Amino acid sequence: SLAEAAHSPRLLEAMAEVQSELDEVIELVPHPQEVLQRSNDQHRELVALLRKGDADGAAKLIREHVEGTEYFLAGMLPAAEAD
């Protein structure tokens, strides 16, 4: 939705490509309710920040969201793969 709102064909194409690559992986990841709730809350907050024109706040939130996702996914790796 953000790519569409930006009215950037290049961004929309890049996001579609990334999403198609991630779809299969996302299906393999468990989605605990508390993780989904936090993610959805962050998405709503991001939209609110963008509507207010708060680019710095939006960038900070996206960074936190990506880092949190990375932390969650890293915790799912078997110990042997983490080494």
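I looked up the handedness of the H3–H4 crossing and noted it as left-handed, meaning that the near helix is turned anticlockwise from the far one by less than a right angle. The model is predicted, so I kept in mind that local features need pLDDT of at least 70 and side-chain atom pairs pLDDT 80 or more, while totals for chains, interfaces and linings use all residues. Residues are numbered from 1 along each chain as its sequence is written, and side-chain values use heavy atoms, without hydrogens and water.

I then checked the packing of H3 (residues 33–52) against H4 (residues 55–74), and found an angle of about 165° with the axes 9 Å apart. The two helices are therefore roughly antiparallel to each other (an angle over 145 degrees).

For the contact (heavy atoms within 4.5 Å), I listed the residues on each side: Val35, Ser39, Gln42, His43, Glu45, Leu46, Leu49 and Leu50 in H3 meet Gly57, Ala58, Leu61, Ile62, Glu64, His65 and Phe72 in H4. I sorted these residues into 8 nonpolar, 5 polar and 2 charged, with Asp, Glu, Lys and Arg counted as charged, Ala, Val, Leu, Ile, Met, Phe, Trp, Tyr, Cys and Pro as nonpolar, and the others, Gly among them, as polar.

Notes. Axes fitted to C-alpha atoms, helices over the stretch in contact; angles between N-to-C directions. Helix = DSSP H or I, 4+ residues; strand = E, 2+ residues; numbered from the N terminus. Parallel < 35°, antiparallel > 145°, perpendicular 65-115°, else oblique.
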